[in-house]
Amino acid sequence: MTRQSRRPRVLIVDDEVPIARALQRVLSTCDVEVVHDGHTALATLTGGARFDVVLCDLMMPGMAGSELYERLRATHPELAGRFVFMTGGAFTRHGHSFLERAGVRVLEKPFDPRQVVAVVEEVASGLPDPRIFGEPG
């Protein structure tokens, strides 16, 4: 049996508990860990825990998702391609510029559960195709 048949490991980083819980339910076929702030996520990711996908809220108090990403990219660049940012579309000029510059995947809130599953599968499989999921058409 190959290692690829294992369940993807997903870290959800979101300060909004109901959103994190909803994502956890949607990703019931994955091994999911939830943290509610950037500092805990940083400690988790630099402490040796391995994740295939990091679903990270862009705007959080304390440490924004963009700061978490930049800190990890500097010390653990292999994690950069595993990030998917979540946003409700209301973000600062810095947030918008960060998303454009980083070229990362983005899930727009409110989420379509199928889109969440699709992007997690895509990132876990290693497909390098950054795009915005849930962008208004």
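A salt bridge is a side-chain nitrogen of Lys or Arg within 4 Å of a carboxyl oxygen of Asp or Glu. In this predicted model, Asp31 and Arg7 form such a pair, with their closest N and O atoms 3.0 Å apart. Asp31 belongs to strand β2, which spans residues 31-35, while Arg7 sits in the segment before β1, so the pair ties together parts that are 24 residues apart in sequence. Both partners are partly exposed: the relative accessible area is 33% for Asp31 and 39% for Arg7.

The secondary structure comes to five helices and six strands, and from the N terminus on the elements follow the order β-α-β-α-β-α-β-α-β-α-β. Of the 137 residues in the chain, 38% are buried. Among contacts with a separation of 6 or more, 59% are between residues 24 or more positions apart.

Altogether, the chain has nine salt bridges. One of them joins the side chains of Lys109 and Glu16, at 3.9 Å from N to O. Lys109 is found in the loop between β5 (105-108) and α5 (113-125), and Glu16 in the loop between β1 and α1 (17-26), so this bridge ties together parts that are 93 residues apart in sequence. Lys109 has a relative accessible area of 19% and counts as buried, because the cut-off for buried is under 20%. Glu16, with 37%, is partly exposed.

Another bridge links two helices. Arg101 pairs with Glu70, and their closest N and O atoms are 3.2 Å apart. Since Arg101 lies in helix α4 and Glu70 in helix α3, the pair ties together parts that are 31 residues apart in sequence. Arg101 is exposed, with a relative accessible area of 52%, whereas Glu70 is partly exposed at 25%. Salt bridges can also share partners, and in this way Asp14, Glu16, Asp57 and Lys109 are joined into one network.

Attention now turns to the nonpolar side chains. In soluble globular proteins, nonpolar side chains tend to be buried together. The largest nonpolar core in this chain has 23 residues. Leu11, Val13, Leu45, Cys56, Leu68, Phe83 and Phe85 are the residues with the most contacts inside this core. Helices and strands both contribute: β1 (9-13), α2 (38-46), β3 (53-57), α3 (65-75), β4 (83-87) and α4 (93-102) each give two or more residues to the core.

With a relative accessibility of 0%, Cys56 counts as buried. Apart from neighbours within four places in sequence, Cys56 is in contact with Val13, Gly65, Leu68, Phe83, Val84, Phe85 and Met86. A second, separate core has 15 residues, among them Cys30, Val53, Val119 and Val123. Cys30 is buried as well, with a relative accessible area of 9%. The number of disulfides in the model is zero.

Notes:
Residues are numbered from 1 along each chain as its sequence is written. This is a predicted model: local features need pLDDT of at least 70, side-chain atom pairs count only at pLDDT 80 or more; totals for chains, interfaces and linings use all residues. Side-chain values use heavy atoms; hydrogens and water are left out. A nonpolar core is a set of buried Ala, Val, Leu, Ile, Met, Phe, Trp, Tyr and Cys residues joined through side-chain atoms within 4.5 Å. Buried means under 20% relative accessible area, exposed over 50%, partly exposed in between (1.4 Å probe, protein chains only). Helices (H or I, at least four residues) and strands (E, at least two) are DSSP runs, numbered from the N terminus. Contact means heavy atoms within 4.5 Å. A disulfide is a pair of cysteine sulfur atoms within 2.5 Å.
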